[in-house]
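Reader: I would like to learn how to read a protein model, one feature at a time. Please show me the structure, and then I will ask.

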Amino acid sequence: MFDSIYTTTVSAAQFFIMSAAALISGVIYAWLMSFKIRSKKRFFIVASILPFIIAAVITFVNGNIGAGVAIGGAFSLIRFRSAQGSADELAAILIAMSSGIAFGMGYIGYGIVILLAMSVLFFLLSFLPIFEHKGMTSEKLLRITIPESLEYTNVFDDTFDHYLKSFESEGVKTTGMGSMFRLSFKIRMKDPAEEKEFIDEIRTKNGNLEIAILPYTEPQNQL
């Protein structure tokens, strides 16, 4: 089971056996991972067929250096046209690609083990209570919209000092055709129960424009 089914040349029967194994195990893998990642349907579809796609590419390249270089160039172009996903989704895609390489070289047993073992390991690690710091969960993203006439450098400092344990500027962005600014801060409240009072006090300074307090993540673009 752990020996390659391929010989010097790949027969049609060998290719279809590999294809069936890659597609079936890919669907099972995507189904298992979807429960934990809770991603959209398109992730399920991509994760299901990706092992077979990579396996087919590896099979048809099969030592052809020119074809390998061409395929590498094609994949590099796809990267720049793809939206970046979450860390969980990226890890799941990399696992599917790794198994696809094993399938493409004829090692069906190793491809199945990679998919199933890594999905089980992913579940176990996700349930372990590690790196769940209270400080990280208490961090919020504060967005304040202000008119362009307001000098924003220190206008909110007294309010922040009163209500916040810590705050850090995440940048400034113009909005509303340049007629307003949007300020972004990473904040930690001293008392989460005072969130409404905190917002009300900011409203008196920003002309009652939009204010948002959101869960903080490490994003590509917070603004």
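Reader: Which backbone oxygen lies 3.2 Å from a polar atom of the side chain of asparagine 206?

Author: This is a predicted model. The backbone oxygen in question belongs to leucine 209. The side chain of asparagine 206 also reaches the backbone nitrogen of asparagine 208, at 3.2 Å.

Reader: Where is asparagine 206 found, and is asparagine 206 buried or exposed?

Author: Asparagine 206 is in the loop between α8 (195-203) and β4. Its relative accessibility is 0%, so asparagine 206 counts as buried. Setting aside neighbours within four places in sequence, asparagine 206 has contacts with Ile144, Thr145, Ile146, Pro147, Leu150, Phe156 and Ile211.

Reader: Next, the strands. Which strands pair with β3?

Author: The general idea comes before the case. In a regular strand, side chains alternate between the two faces of the sheet. Here, strand β1 (residues 139-147) is joined to β3 by 9 bridges, and the two run antiparallel. Strand β2 (residues 164-175) also pairs with β3 in the antiparallel sense, over 10 bridges. As for individual partners, lysine 140 is bridged to isoleucine 187 in β3, and lysine 173 to arginine 182 in β3.

Reader: How many residues lie between β2 and β3 in the hairpin?

Author: There are 4 residues between them, and glycine 176 in the turn has a positive phi of about 60 degrees. Strand β3 (residues 180-189) is mostly covered, with 7 of its 10 residues buried.

Reader: Now the cores. Which residues have the most contacts inside the largest nonpolar core?

Author: In soluble globular proteins, nonpolar side chains tend to be buried together. The largest nonpolar core in this model has 21 residues, and those with the most contacts inside it are Met18, Tyr29, Met33, Ile37, Phe43, Ala92 and Phe103. Two or more residues each come from α1 (12-37), α2 (41-61), α4 (87-104) and α5 (108-127). The largest share, 8 residues, is from α1. Apart from this core lies another, of 17 residues, including Phe156, Phe181, Phe198 and Ile202.

Reader: What covers the buried residues of α1?

Author: An α-helix has 3.6 residues a turn, so residues three or four places apart point the same way. Among the buried residues of α1 are Met18, Ala22, Tyr29, Met33 and Ile37. Their cover includes α2, α4 and α5. As for length, the 26 residues of α1 should span 38 Å at 1.5 Å a residue, and the end C-alpha atoms are 36 Å apart, which agrees.

Reader: Last, the rings. How many aromatic pairs are there?

Author: A pair of aromatic rings is described by the distance of the centres and the angle of the planes. The count here comes to 9 aromatic pairs. One of them joins phenylalanine 15 and phenylalanine 16: the pair is edge-to-face, at 5.8 Å centre to centre with 70 degrees between the planes.

Reader: Which of the two is buried and which is exposed?

Author: Phenylalanine 15 counts as buried because its relative accessibility is 16%. Phenylalanine 16 is exposed, with a relative accessible area of 56%. Elsewhere, ring pairs link Phe156, Phe160, Tyr163, Phe167, Phe185 and Phe198 into a cluster.

Note on methods. Residues numbered from 1 in each chain as written. Predicted model: local features only at pLDDT ≥ 70, side-chain atom pairs only at ≥ 80, totals over all residues. Heavy atoms only, no water. Core = buried A, V, L, I, M, F, W, Y, C linked by side-chain atoms within 4.5 Å. Buried < 20%, exposed > 50% of the residue type's maximum accessible area, 1.4 Å probe, protein only. Expected span 1.5 Å × (residues − 1). Contact = heavy atoms within 4.5 Å. Pairing = 2+ DSSP bridges. Phe/Tyr/Trp six-rings, centres within 6.5 Å; stacked < 30°, edge-to-face > 60°. Polar contact = N/O pair within 3.5 Å; in protein donor to acceptor, adjacent residues only side chain to side chain.
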